[in-house]
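Here is a short note for someone opening this structure for the first time. Please read the points with the model in view.

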There are 2 protein chains.
Amino acid sequence: MPYFEDMKVGDIREFGAYTFTAENIIRFAKKYDPQPFHLSEEGGENSLFGGLCASGWHTGAACMRMIVDFNKQQIQEAIARGEKPIASGPSPGFKNLKWLKPVYAGDTITYTSELVELRESATRPQWGIMFAKIYGVNQKGERVYEFDSSAFMPRKPK
Amino acid sequence: MPYFEDMKVGDIREFGAYTFTAENIIRFAKKYDPQPFHLSEEGGENSLFGGLCASGWHTGAACMRMIVDFNKQQIQEAIARGEKPIASGPSPGFKNLKWLKPVYAGDTITYTSELVELRESATRPQWGIMFAKIYGVNQKGERVYEFDSSAFMPRKPK
C-alpha cells in the first residue's frame, strides 16, 4: 500500500474475483444463513429470487478474502522491491452496505475499491484517513454489492 | 413476527447467543479473512488485539444465524398457535456497522434488536418500514457489535 501522501481521489484498486458456486453458497448458508433460497436450487426457484443465491454475508466475507489476498500480495511485492511494507490500521466498521442485486450460483464477482476522499487526522498526526467506496460487479457488469469504507493510513516519515 | 401495527418503538427481541471458539474462529478465517490475529493464538498475541479474535465478518455472519434461527422459531410457534406466520421482506442492506471491541476465543455474544422507528411506506401501502438497532453484547456486558437495520413489515389486512 502507498503512504497517505501518495494516494489521490479516484485511485482504483481491483482486489480480485470470487466465483460463487452452488457448493460454496450452500456450505456458507448451512452455517450462517440457513434460509431456503440459500440452501438449494429448488428453494431458490420457489422464492422471489428465482434461483439459488448467496447469503449477503457470504458476499461480504468473500470481499474480505479478496482484500486480504490483495494486501498480502502488495506486501510481498514491496518486500521483493526491498521496501518496507505499509499496512493500514484495523477497520472500525463501515457505512451504507447495500446488497443491490442477488448473487446467483455461477456468478463471478470482481471486487474493487475507489478512493473518494482523503482527510488528515486532527488528533493523530502520524495517520491520515482514507475514505473509499468498495464494490462488487458481476460478470454481466452489474454492481451487486457496495459499502463505504474508512481506514487509517500511515503518513510519510518526515 | 407481529404485524407492523402491533410493533412499537422500544420493542426488544433477543435473538440468541453464539459462542466463538478457537476452532470456529480459525475455520472461518482460513476461508474468508486469513489475517494472523484470526488464524492462531500466537498470531493474536503478537498483534494489537493481544489474543486470537474473530473476523468481523464472522461476528456478522453469526448474528445472521441467530436472527434466522429466531425467526424460524417464531414461525413454528405461530403455526402451533394456528396462526398464519408473518415474515419480513429481504434486506436491502444496512447502515453504520461498528465492530466496537474485539471478540476473543471463548467469548459468548448475545445478539439483540431494539426497535427505534416505525414509518408507513408512502409507495407501498401494504408494507410498513421498521428501523432497528441490532447489537451484540459479550459475557462481560460490553457491546462489541452493532448496525442499523431496516426491513419491510407487512401491515394488517383490513
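Which strand of chain B do four bridges join to E2(A), and do the two run parallel or antiparallel?

1. E2(A) is joined by four bridges to strand E2 (residues 93–99) of chain B, and the two run antiparallel. Strands pair if DSSP finds at least two bridges between them. Helices (H or I, at least four residues) and strands (E, at least two) are DSSP runs, numbered from the N terminus. Opposite Gly93(A) stands Lys98(B) in E2(B).

2. The model is predicted: local features need pLDDT of at least 70 and side-chain atom pairs count only at pLDDT 80 or more, while totals for chains, interfaces and linings use all residues. Residues are numbered from 1 along each chain as its sequence is written, and chains are lettered from A and ligands numbered from 1 in the order in which they are written.

3. Between the chains, 22 residues of chain A are in contact with 22 residues of chain B (C-beta atoms, placed from the backbone, within 7 Å). Helix H4 (56–80) and strand E2 (93–99) of chain A are the elements that give two or more residues to chain A's side. H4(A) gives the most, with eight residues.

4. Within chain A, strand E3 (residues 108–120) is joined to strand E1 (residues 12–19) by seven bridges, and the two run antiparallel. Tyr111(A) in E3(A) is the bridge partner of Gly16(A).

5. E3(A) also runs antiparallel to strand E4 (residues 127–137) of chain A, with 10 bridges joining them. Lys133(A) in E4(A) is the bridge partner of Glu114(A). E3(A) and E4(A) form a hairpin, and six residues lie between them.

Terms used
Contact = placed C-beta atoms within 7 Å.
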